[in-house]
Amino acid sequence: MNWRSICLVAGIASLVGGLVTFSYGGESWLGWTLTIFGAAASILGFVPDQLLTIFKIPELRKKIFITLIFLAVYRIGYYVPLPMIDQAKMAEKMADAQRGALGQVLGFVSLFSGGNLSNACIFSLGIMPYISASIIVQLLSSGVVPSLEKLRKEGESGRKKLNEITRYLTVPICIIQAIMVVQTVMKPDTGDGGGMGLAPTGYNDGFELWWFGFTAVITLTAGTVLLMWLGEQIDEYGIGNGISLIIMAGIVARIPDATNSLLIDSATGKLKDSVFTLGGGSGADISLEKLIVLAFLFVTVVVGVIAMTKAQRRIPTQSAKHVRGRRVYGGTRQFLPMKVNAAGVMPVIFASTLLILPWFFFNAIYNLSDSSLGWAGTLSTMFQNHRGWLYNFMYVIMIYVFTYFWVAITFNPKEIADNLKDHGSFIPGYRPGKKTADYLERVLMRVTFVGAAFLAIIAIIPNVISSELEIPVQVASFYGGTGLLIVISVALDLVQKINSHLVMRNYPSLTDET
């Protein structure tokens, strides 16, 4: 019996042990340990030889281990709480808040940032302030501020300077967001949602209250700066994009909690009886046919996201011939790749975040009118309901708007046409210069329409699944939306970077067929 067979047998045995533990109400940590070990061992039994090759290259092996160590540091800090806060009371307050629109937005921000706003830890803000600073700098360097645009065009030196500006901008954004979070935590709970009343005993007023607030703000800011530093260390010494890997780790770490809420009865700690029953269960209880449908949908959505993420519109280009001495150079035919999903996840992020504003606006009008303006209350309720037709309709419209906006500031057809002209290349059938730029813009508009449709479908899938199958939103979020796009995009980027190391050393890449 070889090592693969041993791993496969051990994996199946561990998976059975985990299933038995959950079925008879054993310790949750033991069930998850057996399940994760069994899944890892089973995968190792079927894993292709290319995946094992990455550990034969000392440099690549070192990069992978360094990346894992930094991610472990991030996950450890995730459970280091802010001092002087009742964590049980904080979790109870956030659980109540998650039923409203504000709680759903906080959950979305936590999902995207890699932080945890429902648990007052040192990494509560996550990496979101750095991402916000990056977006601001990118927007300003896209023609808004000439000096920043000049830095962007200077190559590597300009990119380093922009990164430095981004790091400096992250700190004030952290401080502002930390003040908002700490103020919400410390304000008295008056029942209107303005505060949580979690100020520690003896720190209710005076110098002690200000000192606690100052300490909490500095701690939250330092936590985000540490995450930013960890991401940069992964970029330099590890493999993959550090910031993206931190966000991906935060998303993947939510899988056990989501699975628990779907399959485990919180009262008994056992698997729900409806899991083994056709047509069983009601409401949030999962039945066997629902489980099969969810598994099929998950595989289908993942395959579709991978296909659309890698999809390209290849525009043929021809380089002009020129003679040097007795040799003829150029004349080769190449392609200009134009990604179908060129905007990535940014339109979904913008649309999801800004859709909270109508709820705030109409809810404020309704409260200020002492509940006399019924239409404001109705609209507030409609924008709070993520399963309603109005919210999803506006969601799709805003995704289209922000997709075209983001592509417009990141892809400049005139600049591409000028670069082709400067390098002696052209698109067959179109004159260099304005004609080429107009053609690229027409193609870009059509391709972007398809990409926006793809993003809209992926974004509303969690709402549809949650509504039609009556399962928790945190479970449905793994079947679409921003989280799934981020995980797949980061995974594809990581595979590409590993492939570059393998091919450089004449090893077959991970995606080569054996």
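Which residue forms a salt bridge with E232, and how far apart are the closest N and O atoms? The partner is R167, and the closest N and O atoms of the pair are 3.0 Å apart. A salt bridge is here a side-chain nitrogen of Lys or Arg within 4 Å of a carboxyl oxygen of Asp or Glu.

The structure is a predicted model, in which local features need pLDDT of at least 70 and side-chain atom pairs count only at pLDDT 80 or more, while totals for chains, interfaces and linings use all residues. Residues are numbered from 1 along each chain as its sequence is written, and side-chain values use heavy atoms, with hydrogens and water left out.

**Salt bridges**

| Pair | Closest N and O atoms |
|---|---|
| E232 and R167 | 3.0 Å |
| D418 and K414 | 3.3 Å |
| D438 and K434 | 2.9 Å |

Helices (H or I, at least four residues) and strands (E, at least two) are DSSP runs, numbered from the N terminus. E232 is partly exposed at 23% relative accessibility, and R167 is partly exposed at 28%. Buried means under 20% relative accessible area, exposed over 50%, and partly exposed in between (1.4 Å probe, protein chains only).

D418 and K414 are four residues apart in helix α18 (residues 413–422), so about one helical turn separates them. D418 is partly exposed at 30% relative accessibility, whereas K414 is exposed at 53%. In helix α19, D438 and K434 are likewise four residues apart, and therefore separated by about one helical turn. K434 is exposed, with a relative accessible area of 64%, while D438 is partly exposed at 27%.

**Surface patches**

Patches consist of residues with over 30% relative accessible area and no salt bridge; like charges are joined within 9 Å, and nonpolar side chains (Val, Leu, Ile, Met, Phe, Trp, Tyr) within 5 Å. A patch of positive charge on the surface gathers R431, K435, R442 and R446. R431 lies in the loop between β5 (425–426) and α19 (434–468) and is exposed at 64% relative accessibility.

I12, V16, V20 and Y24 make a nonpolar surface patch of about 420 Å². Y24 is located in the loop between α1 (3–23) and α2 (28–46), where its relative accessibility of 65% counts as exposed.

**A buried helix face**

A258, L262 and L263 are buried in helix α12 (residues 255–263). Seen down the axis of α12, the buried residues fall within an arc of 110°, so they line one face of the helix. The arc is that of the directions from the helix axis to the C-beta atoms.

Terms used: Accessible areas come from the Shrake-Rupley method with a 1.4 Å probe; for residues, only the protein chains shown count as cover. Lys and Arg count as positive and Asp and Glu as negative; His and the chain ends are not counted. The place of a charge is taken as NZ of Lys, CZ of Arg, CG of Asp or CD of Glu.
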